[in-house]
Amino acid sequence: GRQGHTTEYTSEHQDSVIDEEQLCSPPEYPAAENANKSLSVTSYTIELLDAVALNLHRIDKDVQRCDRNYWYFTTANLERLRNIMCSYVWEHLDVGYVQGMCDLLAPLMVVLDNEPLAYSCFSQLMKRMSQNFPNGGAMDTHFANMRSLIQILDSELFELMHQNGDYTHFYFCYRWFLLDFKRELVYEDVFAVWEAIWAAKHI
């Protein structure tokens, strides 16, 4: 009986020792997980931190002047706009923040009044609109299309533009295409015009 009790105690004692050793030992990660941990640590370089700081500076500068005369954009809602913009840029540091992005986000916030929904809709919108920003390359295509349209539909106007300083490069249309005409309209009209533009390809 005593021997059996001793054997039982020894077994329990060994189990407790193993448990203590396991608890005190560093966890064993799979090789892939170790690689990911190492990558996440080494990826936060000085260059990355500098890029983040530069983008935050640009965002802060633009947020403070974004639609500031429109009733919706109180200090609290401007902070929410900043949160969304920072989240988007962190997920898209390869693109970064470019002036005009806040202009595209602002009307979505007015309509949705919800940070997660506004972030989701803005992310989808940027899949199309990001090509209009400097890193994209779509703007030259827009200018060429505009030039062709005016030349075909109103050749007299095109000739007039050509003779008076040659505005046929259509660079003055840059803001139209960048912001889907947002700054050319009364704010309340932006929502209807955007809806028409976004729905056009589905009609």
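Biologist: Which side chain meets D113 in a salt bridge?

Modeller: A word on the model before that. It is predicted, so local features need pLDDT of at least 70 and side-chain atom pairs count only at pLDDT 80 or more, while totals for chains, interfaces and linings use all residues. Residues are numbered from 1 along each chain as its sequence is written, and side-chain values use heavy atoms, with hydrogens and water left out.

Modeller: Now the general idea: side chains of opposite charge can pair when their charged atoms come close. A salt bridge here is a side-chain nitrogen of Lys or Arg within 4 Å of a carboxyl oxygen of Asp or Glu. The partner of D113 is R80, at 3.0 Å from N to O. D113 sits in the loop between helix 5 and helix 6, R80 in helix 4, and they are 33 residues apart. Helices are DSSP runs (H or I, at least four residues), numbered from the N terminus.

Biologist: With which other residue does R80 form a salt bridge, E115 being in my notes?

Modeller: R80 does pair with E115, with the closest N and O atoms 3.7 Å apart. Because R80 lies in helix 4 and E115 in helix 6, this pair ties together parts that are 35 residues apart in sequence.

Biologist: Is D180 buried or exposed?

Modeller: Buried means under 20% relative accessible area, exposed over 50%, and partly exposed in between (1.4 Å probe, protein chains only). D180 has 7% relative accessibility, so it counts as buried. Its salt-bridge partner R128, at 2.9 Å from N to O, is partly exposed at 36%.

Biologist: How many salt bridges does a search of the whole structure find?

Modeller: Nine. There is also a network of salt bridges linking D67, D103, K182 and R183.

Biologist: Which residues have the most contacts inside the largest nonpolar core?

Modeller: In soluble globular proteins, nonpolar side chains tend to be buried together. A nonpolar core is a set of buried Ala, Val, Leu, Ile, Met, Phe, Trp, Tyr and Cys residues joined through side-chain atoms within 4.5 Å. The largest one has 43 residues, and F73, L81, M85, L104 and F122 have the most contacts inside it. Helix 5 gives the largest share of this core, eight residues.

Biologist: What is F73 in contact with, leaving aside its neighbours within four places in sequence?

Modeller: Contact means heavy atoms within 4.5 Å. On that basis F73 touches C66, D67, L78, L81, A106, V110 and Y187.

Definitions and conventions:
Helix = DSSP H or I, 4+ residues; strand = E, 2+ residues; numbered from the N terminus.
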